[in-house]
Amino acid sequence: MEVAVGARMAASILTLLFLASWCLMSASGFRQRGMEREEEEEAHGGGRRLRGRFLLARATTVARTDAGEIRVASRYPSKSEPCPMHIGFIQMEPNSLVVPQYIDANLVLFVHTGEGEVKVGWIHKDELVERKMRRGDVNVIPAGSTFYIVNTHRGDRSQMICSIDTTQSMGVSLHQSFFVGGGMNPTSVLAGFDSNTLAAAFNVTAEELERMMRSQSGGAIVYMRGESTERPDIDDDNDDGAWTKQKLVDYLLGKVDRKKAGNGEHVGALHSYNLYDNEPSYRNSFGWTTAIDEDDYSPLRSTGVGVYVVNLTAGSMLAPHMNPMATEYGVVLGGSGTIQVVFPNGSNAMNAEVSEGDAFWIPQYFPFCQIASSGAPMEFFGFTTSSRRNHPQFLVGASSVLRSMRGRELAAAFRVSEERLERLVKAQRESVILPVRHHQLPEEEDEAEEELSKLKRGM
């Protein structure tokens, strides 16, 4: 009997030692991966590491002309996620055009600012789709679909934010633009074909083709010519079926309308989704949040990307929570505040101040919260790496995991009484978006009550 008991005790000790060793190795491995990520960022000039490891590096300008600018903010790939999402910022002057192109990545466009409308044209099921977008609109351009963007407003600059999903990209983590329209700058992909072959394909002379292909030198964003940004009607029977120079230009710009629906709308036209016109997913006195997925907006299904926007009143907090379905990327649209992120081992991963224009990312499963500064509201918008319903798990608040799990087991895990646990988890009456107030700790309240009782007894 004693031998058997001793054997069981030895087995239990070995099991405990194994579990402790496994936990230490897991924590050490995670910290090592975090150090490797920091070294990668530092090697690439990641100055943001000093402020916070989950803030994206300063956006790099990939195109700049008098008519606008395109910048891309990226985080560096890791062994666990070699194809991270990039965040693009598109700024367009009035009456300007992003030259027709296609890229090897899905784009989810969001119109951030601009009093006028932005016109987006893209190829959908072999037909041209044109949609006007305004502030708050979301639209999808699939990878490989030729598109263009026009700021139709005559006096107001437009700013857009887009997700660039690189999972379909040819490179490990970089997307590639293929310009269809263009000339000397940008160079159209058509320029790579033999001139005689291309002239025969278009049914025009080589000289006419060359004049057209060498006339554009304004860059990836150019000003539109003329007073109208509407697509002109083209007579397909003109010149006995031969293409005129104007028709060739319209073809390269994606403006040839071969087929229309009976009501004049383009075949297969898709609508935008406006984040501000629809009822928020959640709202209380301290702010609101809207999240859309493939069930709310079906074009997101093909991209595998979700979209959200959060507005916090001054001094409020999006409660500590984690995303079980996706990594989250975000951009501060207005105001300022703080983002806190926690490692799986319970140590602080980031506690960084953020302001308008800052971009950040939160790994899947990592607990985090956003807190607006006391001086003004904070609004942030972003994308998630899943188009399915996310179901964020809130760790604190009236609808939190702790509130649902309160009981003897959770009390034992914290080594407190069930009464103390009940008081703690029920102290917050708000859910999801919380007020930030400084209360006395429960221990301080108990001590104060005890001191008050002593004073009363002595009276």
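# Exercises on strands, cores, salt bridges and a helix

Val341 stands opposite Met350 in strand E20. The model is predicted, so local features need pLDDT of at least 70 and side-chain atom pairs count only at pLDDT 80 or more, while totals for chains, interfaces and linings use all residues. Residues are numbered from 1 along each chain as its sequence is written, and side-chain values use heavy atoms, with hydrogens and water left out.

## Exercise 1

Describe how E19 and E20 are paired and connected.

Step 1. Helices (H or I, at least four residues) and strands (E, at least two) are DSSP runs, numbered from the N terminus. Two strands pair if DSSP finds at least two bridges between them.

Step 2. E19 covers residues 336-342 and E20 residues 348-355; they run antiparallel and are joined by 7 bridges.

Step 3. The two strands form a hairpin with 5 residues between them. In the turn, Gly346 has a positive phi of about 90 degrees.

## Exercise 2

Identify the residues with the most contacts inside the largest nonpolar core, and list the contacts of Ile87.

Step 1. A nonpolar core is a set of buried Ala, Val, Leu, Ile, Met, Phe, Trp, Tyr and Cys residues joined through side-chain atoms within 4.5 Å. Buried means under 20% relative accessible area, exposed over 50%, and partly exposed in between (1.4 Å probe, protein chains only).

Step 2. The largest core has 57 residues, and those with the most contacts inside it are Ile87, Ile161, Leu275, Val307, Val341, Phe381 and Phe383. Strand E16 gives the most to this core, with 5 residues.

Step 3. A second, separate core of 33 residues includes Met92, Val98, Val99 and Val129.

Step 4. Contact means heavy atoms within 4.5 Å. Leaving aside neighbours within four places in sequence, Ile87 is in contact with Leu56, Arg71, Val72, Ala73, Ile161, Cys162, Tyr329, Val331 and Phe383.

## Exercise 3

Find the salt bridges of Glu294, Asp296 and Glu422, and state the exposure of the partners.

Step 1. A salt bridge is a side-chain nitrogen of Lys or Arg within 4 Å of a carboxyl oxygen of Asp or Glu. The whole structure holds 11 of them.

Step 2. Glu294 pairs with Arg301, with the closest N and O atoms 3.7 Å apart. Glu294 is buried at 16% relative accessibility, whereas Arg301 is partly exposed at 45%.

Step 3. Asp296 meets Arg389 in a salt bridge (3.9 Å, N to O). Arg389 lies in the loop between strands E23 (378-384) and E24 (393-394), and Asp296 in the loop between strands E15 (287-292) and E16 (306-312), so the pair ties together parts that are 93 residues apart in sequence. Arg389 is partly exposed at 40%, and Asp296 is partly exposed at 36%.

Step 4. Glu422 bridges to Arg406, the closest N and O atoms being 3.1 Å apart. Glu422 is in helix H7 (residues 418-425) and Arg406 in the loop between helices H5 (401-405) and H6 (408-414), 16 residues apart. Both are partly exposed, Glu422 at 29% and Arg406 at 32%.

## Exercise 4

Work out which residues of helix H2 are buried, which are exposed, and what is found at its start.

Step 1. In H2 (residues 195-202), Leu198, Ala199 and Phe202 are buried. Seen down the helix axis, the buried residues fall within an arc of 100 degrees, so they line one face of H2; the arc is that of the directions from the axis to the C-beta atoms.

Step 2. Asn196, Ala200 and Ala201 are exposed on the other side.

Step 3. At the start of H2, a side-chain oxygen of Asp194 reaches to within 3.1 Å of the backbone nitrogen of Asn196.

How values were computed
Polar contact = N/O pair within 3.5 Å; in protein donor to acceptor, adjacent residues only side chain to side chain.
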